[in-house]
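Subject: Structure handover

Hello,

Here is the structure I said I would pass on.

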Amino acid sequence: MDSAAAGLLAAVVGVGGTLGSAWLTQRRGDASRREEWERLERTGRAELAAQRAESGREVRRSVYTEFNAAARHYLATLNDHAHVLGIGHDPQESLAMVETARVDYRRRYAEAQMAVPDTVLAEVGRVDSGLGSLYGTLARLTHDAGREGDDLENVRERIKQGWRDLSRMRAMMRADLGVTGPSHE
């Protein structure tokens, strides 16, 4: 091979190497930028999912708090009304208080139906069923239209059961929110 051909070959190899090196560097840079972009997207999606989860937890916490308070107040007014019936006083004032608590409770129950997970909703439904049945019995007793088994002793036992049901429901709600167990101090 003569020197001109060797020089030309060296020049082609040099230019090819330079161009190849630039091309490889560009490819590595593109791959690196693509990996960084994908990592940022994954991080963004994870942060968004965490924000949504926290937002959902806050909504549930608010609904749980309001429903628990309304259910406890409703049961307390049912208990007070049973006492009024037991001592023979005019039940109209306590019945009005029961109706006010019942309206608030029903609104909170409707909110809970739209916001709580199925496992908690099943327990909320059990509480609602018990309170509704208790209300029906007390309404019949108030209007002297009691059925067989409708008496104040039965009502008192069902009120005790209602408090136990509320405690069980509250424990499920707290577990769903992740606030049960030992403190994380």
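Predicted model: local features only at pLDDT ≥ 70, side-chain atom pairs only at ≥ 80, totals over all residues.

Helix 2 with helix 3

Helix 2 spans residues 92-115, and helix 3 spans residues 118-142. Their axes come within 12 Å and cross at roughly 160°. An angle over 145 degrees counts as roughly antiparallel, so helix 2 and helix 3 are roughly antiparallel to each other. The crossing of this pair is left-handed.

On the helix 2 side, the residues in contact include Leu95, Val98, Tyr105 and Tyr109. Among those they meet in helix 3 are Leu121, Val124, Leu131 and Tyr135. Sorted by class, the residues of the contact between helix 2 and helix 3 are 10 nonpolar, three polar and four charged.

Helix 3 with helix 4

Helix 4 covers residues 152-177 and packs against helix 3 at an angle of about 160°, with the two axes 9 Å apart. Helix 3 and helix 4 are therefore roughly antiparallel as well. Helix 3 passes helix 4 in a left-handed crossing.

The contact of helix 3 with helix 4 comprises 13 nonpolar, three polar and five charged residues.

The cavity

How many cavities of 30 Å³ or more does the count give? The count gives one. The largest cavity holds about 30 Å³ of space.

Which residues line the largest cavity? They are Leu78, His81, Leu95, Val98, Tyr135, Leu138, Ala139 and Thr142. Helix 1 (3-87), helix 2 and helix 3 each contribute at least two residues to this lining. Helix 3 gives the largest share, four residues. By class, the lining has six nonpolar residues, two polar ones and no charged ones.

Regards

Note on methods
Residues numbered from 1 in each chain as written. Heavy atoms only, no water. Axes fitted to C-alpha atoms, helices over the stretch in contact; angles between N-to-C directions. Parallel < 35°, antiparallel > 145°, perpendicular 65-115°, else oblique. Left-handed = near helix turned anticlockwise from the far one by under 90°. Nonpolar A, V, L, I, M, F, W, Y, C, P; charged D, E, K, R; others polar. 1 Å grid on protein atoms, 1.4 Å probe; cavity = no way out; pocket = protein on both sides within 12 Å on 5 of 7 lines; lining within 4 Å. Points joined across faces, edges and corners; volume = space filled by probe spheres on them. Contact = heavy atoms within 4.5 Å.
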